[in-house]
Every structure is written in structure tokens, then in C-alpha cells.
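Reader: I would like a close look at one part of this protein, a charged pair. Please start there and then show me how other side chains meet.

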Amino acid sequence: MIWLWFDQSKLSRESCYLTKGRFYTLYKLNIVGLHEFSATSAGVTLFCVINSLISLKSILLVETMLGFCDRWKLLRYLPGLGMLFLKEKKIHSSLIPPLPSDFKISTHTLFSSFFCSVSSSAALQIDRFFLHADMEWNQQTLQFLSQCFLDTLSPQLEPRRRAEKNLSNAADTPNYGLAVLRLVSEPSVHEHIRQCAAVNFKNHLKTRWMPSSATPIHDTEKEQIKQLIVSLMLSSNPKIQAQLSEALAVIGNHDFPKLWPALLPELKSNLKKAINANDFASVNGILATVNSLFKKFRHQYKSDPLLLDLKYCLDNFAAPLLSTVESISAEIKAAADSAETLRQLIEAQRLCCRIFYSLNYLDLPEFFEDNADKWMNEFKNYLTTRYPAVEDGKADGLALVDELCAAVCDNISHYMEREEELFQKYLSGFVEAVWSLLVVASASPSRERLTVTAIKFLTIVSTSVHHALFAGDEILQQVTQSIVIPNVMLRDEDEELFEMNYVEFIRRDMEGSDLDTRRRIACELLKGIAGNYKEKVTERVSAQIHNCLAVFAENPAANWKYKDCAIYLVVSLATKKAGGASVSTDLVDVESFFRSVIVPELQGQDVNAYPMLKAGALKFFTLFRVLIPKPVAMALIGDVVRFLSSDVNVVHSYAASCIEKLLLVKDNGVQPRYTSGDIGPILPVLMTNLFGALEKPESEENQYVMRCIMRDLQIADISPEVASPCITGLTTVLNRVCENPKNPVFNHCLFEAVATLVRRACEKNPSLVPAFETCLLPSLQMILAKEVTEFFPYAFQLLAQLVDLNRPPVPPHYMQIFDILLTPDLWDKSANVPALVRLLQSFLQQAPNELNRDGRLRNVLGIFNKLVNKPSTEEHGFYVLNTVIENLGYDVMAEYMNHIWASIFTRLQTSKTQRLVRCLIILMSLFLVKHGVQTLVDSINSVQANIFQMLLAQIWIPNLKTITGHTEVKLSAVASTKLLCESPLVLDPTAKELWGKLLDSIVTLLSQPEEERVEDEPEVPDFGETTGYQATFVRLHNAGKKEEDPLKEIKDPKYFSVALLANLSTQFHGRFPPIITRYLSPVNQAALLQLSHSYNLAIV
């Protein structure tokens, strides 16, 4: 027997509720069996999963038997360790009334209560247990968390997902973060598990430390974490220390310094003790933590609160930082022959440099200005001093020193940009020191970080008022030969990246995000100098390009890197024109260079030979595609298609990107240069090669290939011969990525390609629909069945597309989906809502008669009510309701309208937004044109007498001008005009002001451009779902709903409105001109007169 005493103060109200004013205080359940999944020999941990009861303080006597949960759904999963099966037992009705139909329990937060170890074969007998909603630290908790973190490292998908779900559920439990932190500190646990726990702890704090989080960490737990984390971080190994340091920074971003004033004094005190004790491992741990804390000054927008925090940090740490730097410098001199000590000291100085960078990022603090000489002398010393014991020792010794020098380069670059006047007296000395370092570093392939930061510093100097330092011919020659060419020339590391990690190579090389690579930053230095000395730079670089090509011509097989260097210089130094894809260069004649240098590479028959050279040629073709004449490009397109069959990932990726970008070229910015007729002859082999590329190792989710497939399908004429293999190929890829989605860009292009193919093939040839359904429906069903949640929005949009393609009556298998669609839980995640609404609209349009069966209409209206009561989904709620009103007769809707209006008005009263108001106006307009003016007025007034007149005066008239969208403006204008001319309420002689103001709003809507009458409204975030990972809705362009015009018979809303008004004026001759003069603004009076004249109508 289990007695559960529920302490209401410890229970969450979101998971379970009882309604209708009835309190259920006594339930009798009997445990007879336990199915154990746990691998532990000690037994199984039982999680009691009753998360909350909204009733008075209740006592539950629980006696459970096998199978009970299937009916009442009281318990679902006991994550990872076991599942409790319950069975209903007949209980005397005088003791327990039947559960109401609206009894619900959440399936998201399904455990967090108490632990008890039992033998898997024994019956459970517990006399009395207090149910606590927190995670106690004990042996069971240690075993549970350890096993979960171990399983997250499993190469098998199922254990990994189960462990992730267990941890996600456990994270809702109070003291979870504290328990994980204690696990991290447990020396008996394997280091890999502790490291995994440290990462989880950091991420847990990121999503739950903020008080506005969905399930924030309790204040008492926060205080305990703060008390433990600093000492634990200092005593941990470097890998765990790094994670805890980031976790501490997460806390600091929210609490430091105001809510954690003891932190910095504690760190400062520990730092002083560690320095005095020569404990440089602890020194580095403390400095790393301070560095993490102070990073916020680099990454947050400048504001008064941030400046106050900065002042606090400066007051408490600026002087200790300088003292630390000076102490460590003295220690470095004393430890010149001790490599291990030097390594720690050099790392400490690097961290001090990064802290310096953070504290100086927003403004130049007075302390640093007053002590500039000391700081700059230290920095110059770092750049000019060698550390043979470290640099000549371990392989990473030189890299450690380079990191220190790179940090110094970042600091002096910052001062050069922000504090040039202060820095100028140190400039020449630093330029000389950096230049000397750079000449040596450029010759070494492993010193990338230092090379990049050093060149950045020189680039900043070259674009400043001190650019004359680079004006001399000899200097320019040295820059070109000693810095640019050595850094642009391919190295072994580049070839290795090209072969081993093509995604990263492309990210750096093709997409313009490689500013921090030595190849690109060297060219940026040339661009910086060219800003003041363009002719000199152009002359020298052109000469270098010709020299490289000459060297290549001497021995193409051995000297192919020189040709790649020449191509890279032309591509990287090209000037892009703003607002378009066009580029230009003064270094070479593009057409001549293309024919003599690029075309031979493209026409090479071996698609795998000299792949880096082939990739460079394809990149040139892609970049200068606008300047390449169409006949020349069309002659080479077949060769580019050949490169799709290359075994080299970068080559077939660049080939796909080249084709895709070519198809986007537009002449004069409007007319597509390449049409379906141009790619029609090569389409079969093009699609074959593209799908073949997706079968290449490591290109199974190649986003460049999939984007090319998508673009081809958008432009080409899709015949059944092409459509069939394409839909088969796409569904094969879809089934594969469902197993483990990794690349969001690839996934989106994949679904967009499917949507494009469905739209362009099936709309043109409806006979293809059954074949497409045969391919697609199993894949979409698999997405839903396997809960591939990131694909849910895509799946719903594709289902909507397929429903649209079926003519009524909708097939039975779709109606099964319709019934599933009406399940309330499916609508809980905001990311699913837009796609679900799109699918629901399709069903409502295709099968409106089915709504009257099995309570479906009531369920649909329940969904509307659910959506309209959240700011983030209110607009989608109106999309549902508008579709219902558009497709159902008033006789069906009449009994529900009172409740619908009441729900909307309640929402309007409690949480009014501009978007809600616009949606309401559009809804009333649609209702009016469908069912008539008086029906609308009577329907709304049934909620409360004369409420329509109040709505008209306070909502409709003032906000009519905010309506946007062609169809929406047309609908609102026509409805408003009918109201103006047909409603007895508005035409009443005592309602002159109401009539005049309504006409004024109609004229504003019809005559003024949208940008002049509408202000942008900020998006309303849904704070209930902003924490943790969430699938995101991304609209599929080709699966979008076709805009339906409810007023197809009205071609011109302006003419309709003016004609109706003119006709009304003839019935009430002379009544309206005075009202127009009084209540219309002068601008609108002129606009109305102009509209009347343009249609040869008069208002008399």
C-alpha cells in the first residue's frame, strides 16, 4: 500500500487538473507488478508520476494494479529505468466517483517525485511516504544520472535518445542542477561521465537560470550552486574546469555583480593567494573564470547598466590585473629554463591580455590610460621576447607563445581602431615588431592564428591616417612577395582540409566567411593598402599573377599551385557591386582570363585530376557568372554537369553551386538569363548526376547539391519521365535523413525540392498524384510515428499540399489524418502551429461537409480558442476561423457564434494587441460579405446588447487603416462600404459622426499607400516556449496556400465603394456632402473627389 501526502505548495499546476468544482480526494490503487528495464543489480528506481492536483490539500490513498494507466492515462513512461504497469480495480462508487472526461495529465513532465529501491521480483509495500518535488542527492540519484550520461555517449541511437529524454524530464525537477554539479565533483565517477555532466550542467543553467524561464531554478538551489561552483572549478581538471568556467559565466551574465557581489572579491582573494603560493594552475583557473565573466563587455550592447557593471569590475580588478601581469612577468624572467612553469606563466599572460581586451572594449578606462606606458611596454616585450625552453620543446609550445602574441595583436589592433591618438606614439615600434614576427610566421604553416591577427593589425594601420607607412615601392614589394604570396599559396594544411573536411573548407573558401584565414586576410591587407595606393597595388599584383601563370606553364604538373594562387588573387581581390551579384576587377580582363586560364580546367576530361585547381576554376566561373556571355556559359554547362560526378566532395559541391547560381542570373535585374528551354536538353543527365553526388561518401547531406536540385526543379519543365525518378530519389534521401537529421539547410532544401516537384508536376499532370502519394505518404507517416519533431512542420505542409491535390470527397486515409489533426496536444508547440493551420485549412476547404460529423466542428473551434488566447498564435487562430466561416453556411455556425464572439471579446479585453484587432476586423468583414450586414450586427449583439456599435466606434473605424495585404484590403474596404451604405445602425440620422468617421477610414484605406498608414508592430515572443531546443517553423515556398479571394466578382474595390456610395447619395439627396465636409480630413476629401471623378461618379 502507498500513502501519498500531497503538499500543494510543492506541486506544479500545469500538469494535471480537475474541474467542474468536484474534488477527488481518495483513489485506491494496488501495485502488483513491476517490469524492470534497469541494468542495475540493486533494483529499479520507481518514479511516482503524479505531478500536480488542483484541488484543496488532498490525501490520496493509492492502490495500483497492472494495466490501469491504459485507460486513465495517469502514468506513461518511467524514463530509462522502468515502466510501472497499472490495472483498474473495481472500487465502491461511494468511495470514488468516476473521473470526469476533462481530467488531463501532462505527458511532458511525467516524473519528479521520490525514489525507492526494490527487488524486481518483490511486491512493493510502503507504509507512508512524503512526496517531495525535488531531487535528493543519494546513491540512487548518483546511479541514475551516471547511467544517463553514460548512455548519451552511446553510438546507438535508441539508448542515446532514451537517456536524453530522461535527462530532459529530470531537468524539470528542483535541485537537478545541484545534483549534476555534485556528480561532477564525485571522484569515484569516470572522468568522461563527469565531463559530460559538466556540459549538461552548463546547458541546464543557460536555459533555466533566468527567472523568466519556463521552469526556472529555485533561488535556494541557485545559492547552493554559487557556494559550490568556484571551489569546484578551481579543483577540477582542465576540461571540466573549462565547462564550469563557462557555466559560471552564464550565472555571471545574469547575477554578476548585483546578485552575486561576493564573487569578484572571492576570485581576487584566491588569485592573490595562488600567486603568493606559486600555484599557477589555480591562477590560470581563476583568470579563465574572470575572462569568461568579463566577455559580456565584448558581446552586449553598450548601455548604462552595462557601464555600471564595467565600472564595478574596473574598480575591483583593474589594479589587481596590472599587478598580476607584473608579478607574472617577473616570474617568467626567473623561470626562463623551466619549460613547464613557463607554459603556465605564458598562458596566464594570455588570459590577462584577454581580460585587458574585455575591460577596454567599450571605452578607454582612466586607469588604463594612466598606465598606458606600463601596458604597452609589457605588450611589446611579449612580441619581441623568445622563450626557447617552450618554443623548442613540445610541439604545442610555439603555438602557446603564438596565442600570447595573437592576444597582444588583438589588443593593439583595438587601440589602433578606438584610441589612435593615444596609441600613435607607440605605433612605429609595434609595426616593426609585428612585421618582424609576420615575416617569420608567414613561412611557417602552423602559425595561422598569429599570422591572421598580425596581418589584421597591419591592415588597420594601412587604412588609417598612418597609411604612408606602406607608400614606399620597396614596402609594397615586400608586402606582396614576403606576406601576401606566401600566405595565399596553398599549404599542406589546406590540402588536408580540402580532402578531410570539405564542409569546413567550403565554409571558409566559397561562402565569404573566411576573413580569419591567412589566405583571405592577406588579400584584405592588399585591399586596405589599395584604398590609398590602388594603381601601385594593381600593378604589383598583376605582375605577380602573370609570374605565377608563367611558373605554372613551365611545369603544369609540378607547379599547379601557382596557377591556383593566380586564380585566388583574382577572385579574392574582385570588387563586388552593392545590391547585386555582379563583380569587377582591374587585375585582368575577365573574358580573356576566363578563356585562357579557366576554360582549359573546365574542359579537362578527368574530373578527379588536380581537384583543387578544378575547384578554383569553378569558383571563378561562379563569381564572374554575370560577366560571362550566355553563349560561352552554355557551351561549358555540360562540362560543369560532368564535374557533378567527381569523387571529390568540394568539386561536385562547387559544380552544383555554379549551376544553381547560373540559374539565378537576371539581365537588367529582371529577366532570367537562363530558362527552362536552356536546361531542358541536359535535365535528365543533370538530375542523374545530382542524385549520384548524394550517394558519394560524406555528401549524403550535401546542401549545395540539394539546393541545386531544388533550383532545377523550380525552373525546368517537369515531364513524367523526369518526375518519377526525382520523387523516388527525394523520398529515398528523406527516409535516410529521418534517421538522424543533422543539416538544417540541407533538410529545408530537401523539403522545398519535394514541394516544388509536387506543385509543378502534379498540378500540370494530376494523374501523377497517386504515384506521388505512394512515395511520400509512408515517409511522412514515418516522420510522425518516429517523432522526428524537427520535421513536423515540413511534414504537415506537404500533407496539406497533397490534400489540396485531391478532389472531394477526400480519401479515407486522409480523413484519418484529419481526426489526428484535431488532437489538442498536437497544437501545444508553437513551431507546429503554422503548418498545422495550413493543413487544417486544406481539410476545411476540401471536406467542409465532414465537419458536421463526430463533433469535428466543436474540436476545430476548440483549436481556434486555444490559438487565439496566445499572442504568438492568435493570428493563426483567425486563419482557422476564417476558413470555417468561408466554407460553412450560417445555419451550421449559428449556434456557435455567440461563444466565438465572447471568446474573442474576452481576449480583446484582457490582452489587446494591434494584430488581434486587425484579425478581428478581417473576420467581421468576411462574416459580413458572406452572411450580410444585419446578420453580423445581430450575431455580435447577441453577446451583449448594442456591443456592435461600440466595436464599430472603438475598434473597426480607428484601426481600419492598419489592414494590409491586397485581398485583406479589398475585403475590408468592400465590407466597410456595405456597412456604411446598408446598415440601419450607421444610416440612422443620429449617427452622422459614426457614418462620417467610417467613410474617412475607408478613404484612407483605399487612397493611401500601405507604408504611410501602417506602423510596424514588434513581434510578441512566446515566453512559455523559449527555453531549450525547439523545432522551428520554416515556410515551404512551394507548399504555400493559394490565396483565396472571397470577392472574385469584385474586380476593383475602389470602384465598388465609390459606386455604392454614389448610389446611396441619390437616395438621400444632399444629406451626405455636409457630413463629408465635417468629418473627413481635407486630404481624404480631395482623395474622395478624385476617386469620384476618375470613375465619372458623383456624391450628391
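Author: Start with Glu495 and Lys561. Their side chains meet in a salt bridge, 2.7 Å from N to O. A salt bridge here is a side-chain nitrogen of Lys or Arg within 4 Å of a carboxyl oxygen of Asp or Glu. Glu495 is in helix 20 (residues 492–500) and Lys561 is in helix 23 (residues 560–572). The pair links distant parts of the chain, 66 residues apart. Helices are DSSP runs of H or I with at least four residues, strands are runs of E with at least two, and both are numbered from the N terminus.

A word on the source. This is a predicted model, where local features need pLDDT of at least 70, side-chain atom pairs count only at pLDDT 80 or more, and totals for chains, interfaces and linings use all residues. Residues are numbered from 1 along each chain as its sequence is written, and side-chain values use heavy atoms, with hydrogens and water left out.

Asp586 forms a salt bridge with Lys534, and their closest N and O atoms are 3.0 Å apart. Asp586 lies in the loop between strand 11 (583–584) and helix 24, while Lys534 lies in helix 22 (residues 518–554), so this pair ties together parts that are 52 residues apart in sequence. Asp586 counts as exposed, at 54% relative accessibility. Lys534 counts as partly exposed, at 48%. The cut-offs are these: buried is under 20% relative accessible area, exposed is over 50%, and partly exposed is in between (1.4 Å probe, protein chains only).

Salt bridges can also share partners. Arg354, Glu403, Asp410 and Arg449 are joined into one network that way. Glu347 pairs with Arg350, with the closest N and O atoms 3.0 Å apart. These two are three residues apart in helix 12 (residues 339–360), which means about one helical turn separates them. The count of salt bridges comes to 48.

Next, the rings. The structure holds 33 aromatic pairs. Rings of Phe, Tyr and Trp (its six-membered ring) pair if their centres lie within 6.5 Å; planes under 30 degrees apart are stacked, over 60 edge-to-face, and the rest tilted. Phe594 and Phe620 are stacked, at 6.3 Å centre to centre and 20° between the planes. Phe594 lies in helix 24 (residues 590–602) and Phe620 in helix 25 (residues 611–623), so the pair ties together parts 26 residues apart in sequence. Phe594 is buried, with a relative accessible area of 1%. Phe620 is buried too, at 0%.

Trp901 and Phe927 are edge-to-face: 5.9 Å centre to centre, with 70° between the planes. Trp901 lies in helix 39 (residues 890–910) and Phe927 in helix 40 (residues 914–931), so here too the parts tied together are 26 residues apart in sequence. Both Trp901 and Phe927 are buried. Elsewhere, Phe356, Phe367, Phe368, Trp375, Phe379, Tyr382 and Tyr415 form one aromatic cluster.

Charges meet rings as well. The charged end of Arg519 sits over the ring of Tyr568, 3.9 Å from its centre. For this, NZ of Lys or CZ of Arg must be within 6 Å of the ring centre and within 35 degrees of the ring normal. Arg642 does likewise with Phe643, its charged end 5.5 Å from the ring centre.

Last, Thr459 in helix 18 (residues 448–462). Thr459 is buried, at 14% relative accessible area. Beyond its neighbours within four places in sequence, Thr459 is in contact (heavy atoms within 4.5 Å) with Ile521, Glu524 and Leu525.
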